[in-house]
Amino acid sequence: MLDVLLTVVGVLALVVAALSRWIQRAPLSAPLLALLTGVLFGPEALGVIDLPTVVEGHKELHEVSRLLLAVSVMAVALRYPFRAVRARAKPVAALLVAAMAGMALVTTAVSAAALGVGLGAAALLGAALCPTDPVLASSVVTGEPAEKGIAARTRQLLSLESGANDGLALPLVLAAVAIVGPLSGGEALVESLWQVLGAVVPGAAAGWSGGRVLRGAERHRTMQSGPLLVYTLLLALLVLGVSGLLRVDGVLAVFVAGLAFNATSPVDERADENKIDEAVNRFVVLPLFVVFGAMVPWREWGELGWWRGALLVLGALLLRRLPILLALKRPLRLTWRDAAFLGWFGPIGVSALFYLTMEAHRLGADPRVLAAGTLIIAASTLAHGVTTAPGLALYRRASEREGQPTR
């Protein structure tokens, strides 16, 4: 099965690479193509990739999504010069506090209303689906069309929010687990503090040390030159492994490590290498989305009911984020155009899959929660994939009409 999967992913990656410029301008995205490929070759269609559904194979999917998130948040932390990151600290903090909590509450309410489930199941969905996914968001903020058409501040806000809230959603997930029952409120609070605060220290120490070592090695010429990607990937894996041993939030620790590395290493001097790193990171996502497409729980989706499923998807995509960002327009000093752009392009993807499978691991697989969550993830991958190119074009035309610069 591994050889079959490698063959399918390899062919897909070559196609995406060969058509990358066209894909950026088409109503498609690489994750969407990978998802559709997984569905096509999965057990319900051609049967080439025979994998269990998400309900049955959630443990393996959790580990794969954990690794991919670590690579993705490291890329986000290194995407912009640290001075730009520092300049966006206040609006990003507002997004992390107000928007993330609001998205969790709205998604909880939508889940309860659309599915008719109890507070526990609805809270599990609300917490797992509230983070903005850095993998899907990358297609909106990177690449020539985005860099030429979207205001730099807007791109930076979306990137940094998506990197930070992947780890900071953990306390909300633990609160939802406490509502269901295995944890008391006090236990959830203590674990949240340990996981979040405990992640900051090793993450910052590893990132600072890694940056200083790299700078010193290059100054003394004890290290051969090579792509920064290799060094940062090894750093991300180190931090993720140490975090697992310490039982702290590994995704947040990797993001903090990336920021500390950004602040202390010569990242600004490697603009060309950073572009190469971003290009490579686009291909890292393909295997997971192919696997996810092959593991879609079709039977459990059908058991939700088509009208309940449709109501859930529409409610999640339209109400989860857009009204909240429009309400935060003034505090975040956004134009209507930027508020609408940030409100729509807050995709649900790998981070949600990571937390859904974490909840299943801790509580046991609830077919309704996994079915509803994965349905929204697939719908978000589709909706945001087909609207990225038109959305960038609309934003650019609106900027040109208003005569406002985008850089």
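Reply: Start with Arg299 and Glu303, whose side chains meet in a salt bridge, with N and O 3.0 Å apart. That label needs a side-chain nitrogen of Lys or Arg within 4 Å of a carboxyl oxygen of Asp or Glu. Before we go on: this is a predicted model, so local features need pLDDT of at least 70 and side-chain atom pairs count only at pLDDT 80 or more, while totals for chains, interfaces and linings use all residues. Residues are numbered from 1 along each chain as its sequence is written, and side-chain values use heavy atoms, with hydrogens and water left out.

So why is there about one helical turn between these two? Arg299 and Glu303 sit four residues apart in helix α17, residues 298-304 (a helix here is a DSSP run of H or I with at least four residues, numbered from the N terminus). An α-helix has 3.6 residues a turn, so residues three or four places apart point the same way. Both partners are out in the open: Arg299 counts as exposed because its relative accessibility is 57%, and Glu303 does too, at 55%. The scale is simple: under 20% relative accessible area is buried, over 50% is exposed, and anything in between is partly exposed (1.4 Å probe, protein chains only).

Now for a pair on the other side of that scale. Asp338 and Arg337 also meet in a salt bridge, with 3.7 Å from N to O. Asp338 is buried, because its relative accessibility is 7%, and Arg337 is buried as well, at 12%. Back with our opening pair, salt bridges that share partners tie Arg299, Glu300 and Glu303 into one network.

Altogether the count is seven salt bridges. Another one of them joins Glu161 to Arg321, where the closest N and O atoms are 2.8 Å apart. This one links distant parts of the chain, 160 residues apart: Glu161 belongs to helix α10, and Arg321 to the loop between α18 (306-319) and α19 (322-327).

Helix α10 deserves a look of its own. Residues 152-168 make it 17 residues long, and it reaches 24 Å from first C-alpha to last, close to the expected 24 Å (1.5 Å times one less than the number of residues). Of those 17 residues, 16 are buried, so the rest of the structure largely encloses α10.

Next, watch two helices pack. Helix α1 (residues 2-18) and α3 lie at about 145° to each other, their axes 11 Å apart; axes are lines fitted to C-alpha atoms over the stretch in contact, and angles run from 0 to 180 degrees between N-to-C directions. From α1 come Val8, Leu12 and Val16, and they meet Ala30, Leu33, Ala34, Thr37 and Phe41 of α3. Sorted by class, that contact has seven nonpolar residues, one polar and no charged ones (nonpolar is Ala, Val, Leu, Ile, Met, Phe, Trp, Tyr, Cys and Pro; charged is Asp, Glu, Lys and Arg; the others, Gly among them, are polar).

Zoom in on Thr37, found in α3, residues 30-41. Thr37 is buried because its relative accessibility is 13%. Apart from neighbours within four places in sequence, Thr37 is in contact with Val8 and Leu12, contact meaning heavy atoms within 4.5 Å.
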